[in-house]
Amino acid sequence: MPELPEVEALRDFLTEHLTGREIVRVLPVAISVLKTYDPPLTALEGRRVTAVHRHGKFLDVETADGPHLVTHLARAGWLHWKDGLPSGMPKPGKGPLALRVALETGAGFDLTEAGTQKRLAVYVVADPQQVPGVARLGPDPLADDFDEARFAALLDGERRQLKGALRDQSLIAGVGNAYSDEILHAAKMSPFKLAASLTDTETARLYAALRGTLTEAVERSRGIAAGRLKAEKKSGLRVHGRAGESCPVCGDTIREVSFSDSSLQYCPTCQTGGKPLADRRMSRLLK
């Protein structure tokens with residue numbers, strides 16, 4: 001799933017390639033991705049793009065005196081930029097193509113979604129806050145005003161485990177399964193440690209890991225073409241998706257805990273005092 005660093009890189013890319021350009025056609029190929037109907041998609045046509053924003057994992061294309069095109073790529077969605085879009089109308093039901101946006105230059109982008117679980121979501125709204133997922137977002141962890149004191153206040157009294165707390169978009173916007181693993185590895189903390197149990201020193205360490213991990217990932221992705229961002233994300237991960245490999249910090253074997261629809265990876269030596277986590281739902285440290 002694209003997370004804050006990849007969506008921020010897409011925002012940078014689209015800012016360069018879309019701003020000032022006129023949208024001439026918006027073609028829905030998979031109607032299921034469109035979550036709003038008023039204003040219609042056609043309200044975007046004939047409008048110039050004035051800015052591209054990011055709200056957590058949401059991309060927001062703003063048009064002059066017109067609506068916003070807000071997209072959540074979900075788990076298997078992606079954006080493909082094309083300097084020259086194919087001619088002709090795309091055929092519904094043929095492949096992963098969900099939506100096409102064409103510019104007056106002949107360039108544009110496709111939104112695609114692989115797999116059978118169709119969760120890609122597109123909204124056309126007058127205000128991004130009309131999108132439920134945007135309205136409930138917590139603070140952006142890379143915002144200038146997101147300091148250690150604010151982070152500590154968010155975790156104060158939080159009874160959930162750190163893994164779940166970091167992934168909660170209403171608590172902190174933009175962190176998903178992959179980067180929560182990376183942040184906890186950098187902070188040398190168990191994913192199942194209770195957030196409310198953190199000492200002031202541990203809170204400071206987790207805050208530094210959160211900001212540092214995301215900032216480094218954004219910098220790695222900056223300037224990379226949209227089509228290469230997925231590969232860049234994978235290459236930069238230290239523990240997520242690397243079960244069975246050696247930890248790059250201590251050399252221990254990276255372990256995995258599987259759930260019904262996801263998994264997490266961690267290093268026992270770095271994060272759990274050498275103790276493996278039970279690989280079952282609602283896992284806890286083995287006693």
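I started with the lining of the largest pocket and sorted it by class: 17 nonpolar, 13 polar and 16 charged residues. I count Ala, Val, Leu, Ile, Met, Phe, Trp, Tyr, Cys and Pro as nonpolar, Asp, Glu, Lys and Arg as charged, and the others, Gly among them, as polar. A pocket, on a 1 Å grid over the protein atoms alone, is an open set of points where a 1.4 Å probe fits, with protein on both sides within 12 Å along at least five of seven lines; lining residues have an atom within 4 Å of a point.

I noted that this is a predicted model, where local features need pLDDT of at least 70, side-chain atom pairs count only at pLDDT 80 or more, and totals for chains, interfaces and linings use all residues. Residues are numbered from 1 along each chain as its sequence is written, and side-chain values use heavy atoms, with hydrogens and water left out.

The largest pocket holds about 1200 Å³. M1, K57, R167, G176 and N177 lie nearest its centre.

Is it buried or exposed? 5 of its 5 residues, 68-72, are buried, so the rest of the structure largely encloses strand 4. Buried means under 20% relative accessible area with a 1.4 Å probe, protein chains only. H68, V70 and H72 point one way, L69 and T71 the other.

Last, I looked at partners. Strand 3 runs antiparallel to strand 4, joined by 5 bridges, and L59 stands opposite T71.

Terms used. Points joined across faces, edges and corners; volume = space filled by probe spheres on them. Buried < 20%, exposed > 50% of the residue type's maximum accessible area, 1.4 Å probe, protein only. Helix = DSSP H or I, 4+ residues; strand = E, 2+ residues; numbered from the N terminus. Pairing = 2+ DSSP bridges.
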